[in-house]
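Visitor: I would like a close look at one part of this protein. Please start from the annotated site and go on to the aromatic core.

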Amino acid sequence: MTYYRRVGEVPPKRHTQFRRPDGGLYREELMGEEGFTSDSSLLYHAGVPSAIVDSQVWELPDLATRANHPLTPRHLKLHGLFADLDWKSQDAVTGRRLLLGNADVRLSYVWAGEESPYYRNAIGDECVYVESGSARVETVFGVLEARQGDYVLLPRATTHRWIPTGGTPLQAYCIEANSHISPPKRYLSRYGQFLEHSPYCERDLHGPDEPYVSDGEDVEVLVKHRGQGPAGIVGSRMVYATHPFDVVGWDGCLYPYTFNVADFEPITGRVHQPPPVHQVFEGSNFVVCNFCPRKVDYHPLAIPVPYYHSNVDSDEVMFYCGGDYEARKGSGIGLGSISLHPGGYAHGPQPSAIEAALGVEYFDELAVMVDTFRPLELGEAGIASDDGVYAWSWAGRRAT
């Protein structure tokens, strides 16, 4: 994040004495990015944030991947992944199933009804899109209330847990980066303020409003971090002497927040606009876009659906999560589907969708797209949910 926020009690001057009511000192923690040269926040703990009493191995869910070889466009049906599982016993951290991944980003999916363990990702930021349901996200910075359509942005190493609320499953699409995730630089001034051409602004971002303090001893936190596991990822169970949610105040420019897709103002034109106008976030070697309900192209001869395109530098992953996506009509894709169009393959609308879209003035569709600049490989859930026939849907047949 690039603008300042202050929550709870903090001293008038940083790095100075700040005392508890009993006269003892609060412990100041700097949480910062890029070796003291980027965004940071100062947190004031009642306990000692370094005090651990145990650390054991956390055996992570299956993170192995398989190359998309031979090169093939794919349709993944995500809702079927949890059809035979009791979602009420799944949580939003340990229940995630890996769809796709590379050295920069991993995409997973979960249905959850159980509260998660305390958890932090020490590898990179997480951007979790709430497809359906709702949750209370408790963090060391305070509480976020997440609802359908929210992106929940969690900076690297933010200790938190997910508590689903309501009587329906929390359905979440999880984007885990090996880097930081932020608004696109072209939307920001050199000082970090959103510019007038940005499709959203600071008023649309919702961070914690007050501290959230819990008591407890010997509190276990699951930590995902770098090591010698699949994709260089391993896990540890670290046990803290006192509860990590002991922050009475903090201030700075680094904190978790939510952004709802309904607050994204689509950019349209007389003819079809390219995907970058739909961009919402960026990370190292990948971007996140959302295709929202919108008025479409208004040139008298406009073709509202996309032209065929060879995005030669990236793989395109589209998660269909609302409405009826015009360009994929006739392909079998529906709500809860993912399409993977790998680099090196020219893709575009199903042939029947082009004529059908002529004269249409409004698209009622919602999709979250991740474009990666390294090839994506298939995780266990990607393999399990592949429909096996999408690749041949443009031709209407497979060679025999």
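Guide: Start with the record. An unreviewed UniProt entry carries the annotation "active site" for His272. UniProt positions follow the numbering used here, feature names are shortened, and annotations may be inferred rather than shown by experiment. Residues are numbered from 1 along each chain as its sequence is written. The model is predicted, so local features need pLDDT of at least 70 and side-chain atom pairs pLDDT 80 or more, while totals for chains, interfaces and linings use all residues, and side-chain values use heavy atoms, without hydrogens or water.

His272 sits in the loop between β20 (257-260) and β21 (279-283). Strands are DSSP runs of E, at least two residues, numbered from the N terminus. The relative accessible area of His272 is 19%, so His272 is buried (under 20%; exposed is over 50%, partly exposed in between; 1.4 Å probe, protein chains only). Leaving out residues up to four places away in sequence, His272 touches Asp297, Ile303, Pro304, Val305, Pro306 and Tyr307. Contact means heavy atoms within 4.5 Å.

Now the core. The largest nonpolar core has 68 residues, and Tyr151, Trp162, Tyr173 and Phe281 touch the most other members. Such a core is a set of buried Ala, Val, Leu, Ile, Met, Phe, Trp, Tyr and Cys residues joined through side-chain atoms within 4.5 Å. At least three of its residues come from each of domain 1 (50-246 + 255-260) and domain 2 (267-389). Those bounds come from an automatic or database domain assignment.

Beyond four places in sequence, the contacts of Phe281 include Cys127, Tyr151, Leu153, Tyr257, Phe259 and Val288.

Next, the rings. The whole structure holds 23 aromatic pairs. Rings of Phe, Tyr and Trp (its six-membered ring) pair if their centres lie within 6.5 Å; planes under 30 degrees apart are stacked, over 60 edge-to-face, the rest tilted. Tyr151 and Phe259 are stacked, because their centres are 6.3 Å apart and their planes at 10°. Tyr151 is in strand β13 (residues 150-154) and Phe259 in strand β20, 108 residues apart. Tyr151 is buried at 0% relative accessibility, and Phe259 is buried with a relative accessible area of 0%.

Tyr151 also pairs with Phe281: centres 5.4 Å apart, planes at 85°, so edge-to-face. With Phe281 in strand β21, this pair ties together parts 130 residues apart in sequence. Ring pairs join Tyr151, Phe259 and Phe281 into a cluster that also includes Tyr129, Tyr187, Phe194, Tyr200 and Phe264.

Terms used
Helices (H or I, at least four residues) and strands (E, at least two) are DSSP runs, numbered from the N terminus.
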